[in-house]
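Let's take a look around this protein together.

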Amino acid sequence: MKSPRPLPPVPPVAGQTLDAQLHLLDRQVLDSDGVPVTTVDDLELGAAEGAPDLGPEIPVGTPAPVLTALLTGPVLGTRIFGGRPPSSRLIRIPWTDVASVGVVVRLGVSGQGLDADWVERWIRDKIIARIPGSGGRRDPR
Amino acid sequence: VKRLLGVALGILTAIGGFVDIGDLVTNAVVGSRFGLSLVWVVLVGVIGICVFANMSGRVAAASGRATFEVIRERLGPRAGLANLSASFLINLMTVTAEIGGIALALQLASSVNYLLWIPLAAVAVWLVIWRVKFSIMENVTGLLGLTLIVFAVALFLLKPDWGNLASQAIPAVPAAETGATYWYFAIALFGAAMTPYEVFFFSSGAVEEGWKIKDLIQSRINVLVGFPLGGLLSVAIAACAAVVLLPAGIAVTSLSQVILPVAAGAGKLGLAVVLLGLVAATFGAALETTLSSGYTLAQFFGWSWGKFRKPAEAARFHLAMIICLLVGIAVLATGVDPVLVTEYSVVFSAVALPLTYLPILIVANDPQYMGKHVNGRGVNVVAMVYLVVILVASLAAIPLMIVTGAGA
């Protein structure tokens, strides 16, 4: 059996190292109240602060890209079947909203206001809350 | 005393909840055609479901993560989606079979055509899911399902030749059957005993009831005592069929034939009790499978789920279950025989077994999820042996189905 060529060692970094595939992708996302929001369907990487927008050619010495957002929604379809939705159609949860990463990804904000939660809210308001006994309308008028 | 009562209640509901339409039909069919020569499969299946239900319960208690979240996280989106599609469709088939089972049982009790009972049964299932507390739902259906013990009572009242019955329990292909049908029904019986929805339901139920590690002892007792006793109930169903139907040359094709031996052994009173048991067992299983279809979808896509939340706080979860019930009604409205749906659903369950059980085994060994509660070596050895058995059964199921013409 041929042993694979050893990879160059990872440069030392301060703090916890997260493997995108292992620790982020496909993990459950909970909001600050512990309510499930979504699953991490994909990740968005952006240029590091101060770095110029890059074309296909990446010059040597460019700072490494940084994780800017967790993505959800239709992007799951393109991740499975290939392709790439236009950037304007991505549903993002900004990385700055993430409070901690463990077995689940916890957000520091409530899921109520997030774009990522709009389908849930729509189904709740248009369908489920209209059925008696759903507990959705505390103030029936 | 309260704790003891809790343990007793847990065991009783585990027994009552073990038997569903798949177990009822498959055991009766097997008993009426093969006598007790396939009884060993029930034993193998019960040990398997004990091992894996226990494991999924431990994963849920240690990490708070239910089975399908784990499947998605471990298999990634592509294999996870393929797994979801297969598991979900088979589960939907089981939902359909269970609702058909409720309707057939009500038909037997009322002489009103089962097609008229189907919408009522589905609405009743939905209402319970919509409003009733999880623990009450579990305990009531489980306790009422216990009335199926009447199969065991009827077996004694039939006064069979016990020596002859015991000698049937040796694995052997009866003269009237071929080897292929024997193994086909072995797989069906295995699938009925180990149906994947039980694991989805068990692990999600652990999250619903907020199990912690200290609750695991009780759940372990429930599983290790309740499921084997439930398996014994399955054997009693098969034995009843073997005593009454096998000598008469009646192969079971309908639910009325399943309960025929009870009527023969325990009379009108027995019949009344078994009808109650049939309705309770199929109703309980319809609840569990419908919830399981919601659980699998919600956990894969990361939706908010659970009966511990108000329906408005888990909107997509509840909408998904409503749609599943509607699909079940639509399928049954075509007039397809629910018993036939059941027979196919248990075989397809056997096909899908590795999809559920492999990811659970992997995660149960992952320290990030489990901390110090990872699998012990003994559990892993047993689980690996079962994985081989499951894989063989899964691969052999479809070819055997084709060769035997679905066991005809």
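## Around one leucine

Skip the neighbours within four places in sequence, and B:Leu38 is in contact with B:Val30, B:Tyr182, B:Phe185, B:Ala186 and B:Leu189. Contact here means heavy atoms within 4.5 Å.

A word on the model: it is predicted, so local features need pLDDT of at least 70 and side-chain atom pairs count only at pLDDT 80 or more, while totals for chains, interfaces and linings use all residues. Residues are numbered from 1 along each chain as its sequence is written, chains are lettered from A and ligands numbered from 1 in the order written, and side-chain values use heavy atoms, leaving out hydrogens and water.

## The cores

B:Leu38 also shows up in the largest nonpolar core, which has 136 residues. Such a core is a set of buried Ala, Val, Leu, Ile, Met, Phe, Trp, Tyr and Cys residues joined through side-chain atoms within 4.5 Å. Buried means under 20% relative accessible area, exposed over 50%, and partly exposed in between (1.4 Å probe, protein chains only). Along with B:Leu38, the residues with the most contacts inside this core are B:Phe52, B:Ile99, B:Phe151 and B:Tyr357.

Another core, of 14 residues, lies apart from it, and includes A:Val29, A:Val37, A:Ile93 and A:Val105.

A:Asp26 isn't a glycine, yet its phi is positive, near 65 degrees. A:Asp26 counts as buried, at 4% relative accessibility.

B:Ser111, not a glycine either, has a positive phi of about 65 degrees. B:Ser111 is exposed, with a relative accessible area of 67%.
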